[in-house]
Structures are given as structure tokens and as C-alpha cells.
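User: Could you walk me through the charged pairs in this protein, one question at a time?

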Amino acid sequence: MKRRYRFFLWILNLRDWLVAQLIFLSLKALRLIPMDTALRWFERFARWLGPKTGRHKVAMANLGIAFPEKTLEEREKIAAGSWAQMARGIVEYGYLDKIFDLDESRLGAGRIEVKNVEQFVKLRDDGLPAIIFTGHLGNFELLPMTAAKFDLELQSLFRAPNNRYAAAKIAKARKLVAQNLVASGAGASFQLMSALERGSHVGVLVDQKFRRGIQVPFFGRNAPTNTLLAKLARRYGCPVHGARCIRLPGGRFRLEITEELTLPRTPEGEVDIRGTTELITRVVEDWVREYPEQWLWIHRRWG
């Protein structure tokens, strides 16, 4: 029995290794093609392939919930744009060193522009812990890289790929911030608490379904949502900011960080868990409404 089990694990490990090697070779081959050309090719391919997959039904169902007032043609257009954005995000892993050309002394001169730069500087210099949340919009990978560029220590919670070989490669691509990434799972919340206790900052993705969370409105329908951010804000009394990445024409990006949010309070003066979770969900909803094609609609956010 044990021998069979070990053989089964070996097969799974071999499969993951082969898949990862295929990904690595594909990304290496991409480097032989000019970046903008590769991005255009994969974007067109994704617009063609995406609607033929089972996940497209999930995206269309989600869009029906979020935008019932839009026509089927309009929702199909948003879904196709979302597939294209996802393809660009995957390909961009192979070119992060070229894409991330942010120069603090010449902001906006390259592919990346930063709005509210003073907020990054304030967070870096005020000596206080803070929580920064974002969602799966644009190339959200650029946000922790930007924080690192401004010497803003940010412990970012992320979900590691199931394929450990692919995960290692992605971590290498994220080398600018790899030491500040916290893999979701057992013990992750304690790492974030430790960061806040020493006056650092944490980054959290807040737009995914969380079965053990509470039901809060998202596009008019309740969705199970994680309360971790609200609980951390209550425990440490620290500021909360939202941050997002927006794709611009010409392969450029705009990174934005909000002012400190005013969190709802209980009659006793504590941060209200439900109210705060609803607030940050509304912020994400507003972002998605503004650029719907830049959100990952294939997540099963409701139900």
C-alpha cells in the first residue's frame, strides 16, 4: 500500500515537473519575441480560446449578476477583454524586468505612472503599521514591487500555485519582493500580525470567495467574504488604504493608492468587522465597475 502511494506521489510530482518545464520553455521562447508583439499575440489567442472553455460560463454568469442591465453582447465583450487581460498578466511574468521600469526620480517617464506618490512616502516615513488591500485588477503584481521601490516594507499575502516548480519560478520572477511574500494558509495570519506588531505594513487581496467568511453585498448580491482585514484593523488600530493597478493604452500602467479610509465603528468605538468588510468590498466593486474588463471574472465569487 505504501509503495503504491509513493508511486502515485512520484507520478504527480513528475506531472508537475513536466508542466512546469513546458511553462518555463514557453516563457523562455517568448523572450525571443519583442515583448509588445508577444503580448498582442497572446491577447488575441486568449480572446479566441477563452470563450471556448468551461470557465467562460462562470465569467458570463458572474457578469449577469453584476451587470443585469447590460446586453448579452456587452457582457461578452467584457468577458473577452477579461480573458485578454489574464493572458497579458501571464505573459508579463516573463518580462517583469522590462515592464517594471519605475524610476523614482522620473515618475511617469516609463511604462508605469504612480498616482498619490505622497501616500507611499507617508506610509514609509510615519513609523506606523498599515494595511493596504487590493483586488485582481490589471497587473496587481506591480503593487508590492512599487512599494519595494519606495522602500516601503510590505508583507503581502498571496496564494502560491499548487505546482511547486511553477511556484519557485514565479517567486524568482518576483525577486524584488520575494522575501516579503506570505503564502496563504495555516500560520499566514500570525505572520501578518507579527508584521503589524513591529510597525510594518501588510498587503491583502480581498476580492476572492471565502467560504468561512461573512455574507456581504457585492454588486447587489451577498458574497462570502474574508473578515481578516477588518479583524487586523480592529486589533491594531492601524490605517487602511486601498491600492489598484490600471492598465493603460500602449502597454502602460497606472498605480493608485487611496487616502486612509474612515472605518465604521461600533457604539463602543471599536472597528466594526461587518461594516469594514462591507466598506472595502464596496471600494473593490467601484474599481471593477470603472474597468470591468480588467477584473478576473472567472472566479466563483458568489454562491
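Predicted model: local features only at pLDDT ≥ 70, side-chain atom pairs only at ≥ 80, totals over all residues.

User: How many salt bridges does a search of the whole structure find?

Analyst: Good place to begin! Side chains of opposite charge can pair when their charged atoms come close. A search of the whole structure for such salt bridges gives a total of 15.

User: Is R244 buried or exposed?

Analyst: Let's start with its partner. R244 forms a salt bridge with E256, with 2.9 Å between the closest N and O atoms. The pair links distant parts of the chain, R244 sitting in strand β8 and E256 in strand β9. The cut-off for buried is under 20% relative accessible area, and R244 has 8% relative accessibility, so R244 counts as buried.

User: How many residues apart are R234 and E270?

Analyst: The side chains of R234 and E270 meet in a salt bridge, at 4.0 Å from N to O. R234 lies in helix α10, while E270 is in the loop between β9 and α11, so the pair links distant parts of the chain, and the separation is 36 residues.

User: Why does R234 count as partly exposed?

Analyst: Partly exposed covers values between the 20% limit for buried and the 50% limit for exposed. R234 falls in that range because its relative accessibility is 34%.

User: Which helix holds both E285 and R289?

Analyst: These two side chains meet in a salt bridge, 3.1 Å from N to O. An α-helix has 3.6 residues a turn, so residues three or four places apart point the same way. E285 and R289 are four residues apart, about one turn, and both lie in helix α11.

User: How many of the eight residues in helix α7 are buried?

Analyst: Now for a helix spanning residues 142–149. The buried residues of α7 are L142, L143, P144, M145, T146 and A147. Helix α7 is therefore mostly covered under the 20% cut-off, and the number of buried residues is six.

Terms used:
Residues numbered from 1 in each chain as written. Heavy atoms only, no water. Helix = DSSP H or I, 4+ residues; strand = E, 2+ residues; numbered from the N terminus. Buried < 20%, exposed > 50% of the residue type's maximum accessible area, 1.4 Å probe, protein only.
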